[in-house]
Amino acid sequence: MVVALLRRTPGSLASAVRLHRAAVATPAARFLSTHVTNAACEDNEPGFLGSVETFFDRAAKISGVSQKSLAGIRAVDSVLSVKFPVEIDADTHIIMEGYRAQHSRHRLPCKGGIRFSDEVDLQEVEALASLMTYKCAVVDVPFGGAKGGVKLNPKKFTPAQLERITRRYTMELCQKNFIGPGVDVPAPDVGTGPREMSWIMDTYRQFNPQDVNAAGCVTGKPISQGGVRGRNEATGLGVYYGVREFLQFPEVQKMTGLNGDIAGKTVIVQGFGNVGYWAAKFFENNGAKIVGIGEHDVAAYDPNGLDIEAIFKYRGEKGTFRGFGNAEIIEEPIKVMERECDILIPAALERQIGLKNVKNIKAKIIGEAANGPITPDAHDYLVSQGKVVIPDLLLNAGGVTVSYFEWLKNLSHVRFGRMSRKWEEAGKSKLLTLVEENAGRQLTPQERRAVIHGAEEHELVYSGLEDTMIGACEETRATAALKKTDFRTAALVNAIQKISTVTTQSGQMFL
């Protein structure tokens, strides 16, 4: 087992990170240069981490925050790199490579997903951890940013093998104090889901049997294991709420020529995983027409609109969009983003819109449901053409927002609504009886139930998420107007200022 562990200490971070990167670099290291994340980008465009840092530096210049504070905010705080053996069968052991990065501990716990992908590397994990810090700040979720991953293709392993890998990786996190309800709380990401989160929680409990809050060590769990209703669709729902709010801003309507209603808008979604599916579903349910969906192998396009449930079921049965209804099949899936539409939702991977394809983007609004789908130069071109880019650190923050709600539920050990629902219904019932007596009309049982209905857990989660997204969108809009800048820079300015306020007012003991 090889372990490299870094903690920020005065004067040591830069050199330690350089040594660490040299130590873990191998010929197989991706450094964000695979075909999937390069197809749209020129060679001189920055990688994922470079893009995040470029956007940060732009916002930092107009944030009004001191250089001393900015240096601390920008740096990645801690990185854990592990290699561990896993038994695949009686005769085979393989060495797995995993990471966990904590970008900032100005708020605790740190928060961020764990992904299983053969594209995982140190740069990606650091970039995603940085984004998580800014994302939490934008939506006022009191967490620092973190991210983790194991370098593997989950499709090549059986469930039993994946369980061994997940538990072994979690054991490494436990031993190095990189997981815990008050330390670092993972969540699902690419290649992981509720099943893996349940394994992580159970492993943590074995190492911490006296921790009554152990369920709060991870979010995105199944409901039976302490998950919260509404978490599965949270990121996609947040994407819908964010686009809906921006459409209602007069300046956005002026820039795009669109009215403020979702109904009637044409939407293309690139990526049909959890986020892409739920985003498409909510847009469709509210009257939008989904004309294109891209996946890793092909894309489906139909100007008359695609039935989301039907194509989701078809792909689940056939494993592809090929042969679905009257849809046009696009063999190069990234090309679907270049078709005509009002709203484009990149919900797949980073660096999907770069200098090679940005001039072909016809959408009026681009909503970043994925992390880092647009490179800095491509972003500048889109903005210069009057297109509205709703940034990832704002638009896909629904997942971490509802993860926060799940964490709160785990710490309070009670389901949302359990203590108040019937009390609320009783109060509404008494009020309704008075209204009926004065109006001289009795409501039907169905009408009465609809009026006095007390909020259930998923309804409270939806309400909290909607309120969060509305507030964050309005803050971003206000800062963009004040600073005369684009929405991404405005969102980052808000994040930087909030983080700086926390670190300044709390004092920084060892600076």
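Guide: Of the 511 residues in the chain, 55% are buried, where buried stands for under 20% relative accessible area, exposed for over 50% and partly exposed for values in between (1.4 Å probe, protein chains only). This is a predicted model, in which local features need pLDDT of at least 70 and side-chain atom pairs count only at pLDDT 80 or more, while totals for chains, interfaces and linings use all residues. Residues are numbered from 1 along each chain as its sequence is written, and side-chain values use heavy atoms, with hydrogens and water left out.

The chain holds 18 helices and 13 strands, read as DSSP runs numbered from the N terminus (H or I, at least four residues, for helices; E, at least two, for strands). Its radius of gyration is 23 Å, close to the 24 Å that the globule rule gives for 511 residues, so the chain is as compact as a globular protein of that length; the radius is taken over C-alpha atoms, and the rule is 2.2 Å times the number of residues to the power 0.38. Among contacts with a separation of 6 or more, 70% join residues 24 or more positions apart, a contact being heavy atoms within 4.5 Å.

Turning to the charges, the chain carries 61 positive and 59 negative ones, whose mean positions are 3 Å apart. Lys and Arg count as positive and Asp and Glu as negative, with His and the chain ends not counted, and each charge is placed at NZ of Lys, CZ of Arg, CG of Asp or CD of Glu. If a salt bridge is a side-chain nitrogen of Lys or Arg within 4 Å of a carboxyl oxygen of Asp or Glu, the count comes to 35.

One of these salt bridges pairs K498 with D140, at 2.9 Å from N to O. This pair links distant parts of the chain, 358 residues apart: K498 sits in helix α18 (residues 487–506), whereas D140 belongs to the loop between α5 (122–138) and β5 (144–151). K498 is partly exposed, at a relative accessible area of 21%. R322 and E331 form another salt bridge, with their closest N and O atoms 2.7 Å apart, and R322 is partly exposed at 39% relative accessibility. In the salt bridge between R441 and E447 the closest N and O atoms are 3.3 Å apart; here R441 is partly exposed at 46%, and E447 is partly exposed too, at 31%. Salt bridges also link R115, E124, K147 and D189 in a network.

As for the backbone, most residues other than glycine have a negative phi, and most peptide bonds are trans. The bond joining L108 and P109, however, is cis, with omega about 5°, and P109 lies in the loop between β3 (92–102) and β4 (110–117). H413, in the loop between α14 and α15 (421–439), has a positive phi near 60° and is partly exposed at 49% relative accessible area. K484, in the loop between α17 (457–483) and α18, likewise has a positive phi, near 55°, but counts as exposed at 75% relative accessibility.
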